[in-house]
Amino acid sequence: MIVTLNEVLKDAKKNKYAIGLFNTVNLEMAKGVLSAAEETKSPVIIGTAEVLLQYSSLEELSYLLVPMARKASIPVVLHFDHGLTEDCIIKAMTLGFSSVMYDCSTSTFEENMRKSKEMCRIARLFGASIEAELGHVGAADADVVESDAYQGMYTDPAQAKEFAEFTNVDALAVAIGTAHGAYKSNPKLDLIRLKEIADIIDTPLVLHGGSGLSDQDFKNCVENGVCKINIFTDINNAAAKAAYESYRPGCGMTDLMGSMVKYIIKETIAKMNIFGCTGKG
Ligand SMILES: [Zn+2]
């Protein structure tokens, strides 16, 4: 069944586990993630991001994802991740996405607050949930991630409180040292900052840049207030590995699809076990 973030994150926050958002760009990825969720009875968040639309458009994906999520036996949030333009976000909700993220993290604090609040008002009209980002989670480039400037983009707890109260968003992505893509060196997470934010706001917190973190990193983040974790690179890479290992001269795409789905299921279940969401769906 299709639900919003509000129907799954409240329990996750209360009972200290996290739900994964697994971005999917085609049928095999969607099958893999939803099969993993059903097999382990996990609530799941599935969707795509604006930067991933080059691989499958919102319309095309919605034709797959909406009916697949609807018939799933576990709660599925259909989420549009990292919406950058208002047009795309509204289109996603029109096509049946039950949740959106409006990423204004590169805007000024005031601008981010104003734009997030306005999109929150629009999301309510669709009955959709909304996530915003405060601070900025950048790309996983070793030089950048280790710089002082990058730490300067971490979420400020006092601002988080003001932001949450003003915008009333349903989930807040925080910047505490993670980055998008494949890490080139081990990320150092600012767990004290994370706990400080979790202690002063009720809004469920989101960890972006989850691919590549250690099991212990995930556990520490969940322990300190994270209830949604975004994963893309790890399942994307698992599928590519499956295709590589299964390839034989003369074989066709259909000979590779089964093992790609299997690897995605395995990787997704591994993450769900670490996040502690299995059996909660
Ligand atoms: Zn992200």
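**Helix placement and burial in a predicted model**

Met-68 is found in helix 3, which spans residues 58-71; helices (H or I, at least four residues) and strands (E, at least two) are DSSP runs, numbered from the N terminus. The model is predicted: local features need pLDDT of at least 70, side-chain atom pairs count only at pLDDT 80 or more, and totals for chains, interfaces and linings use all residues. Residues are numbered from 1 along each chain as its sequence is written.

Met-68 is partly exposed, because 19 other C-beta atoms lie within 10 Å. With C-beta atoms placed from the backbone, a residue is buried if 20 or more other C-beta atoms lie within 10 Å of its own, exposed if 12 or fewer, and partly exposed in between. Apart from neighbours within four places in sequence, Met-68 is in contact with Ala-30 and Leu-34, a contact being two residues whose C-beta atoms, placed from the backbone, lie within 7 Å. Met-68 and Ala-30 are 38 residues apart along the chain, and their C-alpha atoms are separated by 8.3 Å.

The protein as a whole has 12 helices and 9 strands. Its radius of gyration is 18 Å, close to the 19 Å that the globule rule gives for 281 residues, so the protein is as compact as a globular protein of that length; the radius is taken over C-alpha atoms, and the rule is 2.2 Å times the number of residues to the power 0.38. Along the principal axes, the C-alpha atoms fill a box of roughly 60 × 40 × 35 Å. Buried residues make up 49% of the 281 residues. Of the contacts with a separation of 6 or more, 71% are between residues 24 or more positions apart.

In helix 10 (residues 215-223), the buried residues include Asp-217, Phe-218, Cys-221 and Val-222. These residues lie on the same side of helix 10, because they cover an arc of only 130 degrees around the axis, the arc being that of the directions from the helix axis to the C-beta atoms. Asp-215 and Gln-216 are exposed on the other side of helix 10. The cover over the buried residues of helix 10 includes helix 9 (191-200), strand 8 (205-207), strand 9 (226-231) and helix 12 (253-275). Gly-225, which follows helix 10, has a positive phi, near 115 degrees.

Lys-241 is located in helix 11 (residues 233-246). Lys-241 is partly exposed, because 14 other C-beta atoms lie within 10 Å. The C-alpha atoms of Lys-241 and Ser-259 are separated by 9.5 Å, the two residues being 18 residues apart along the chain.
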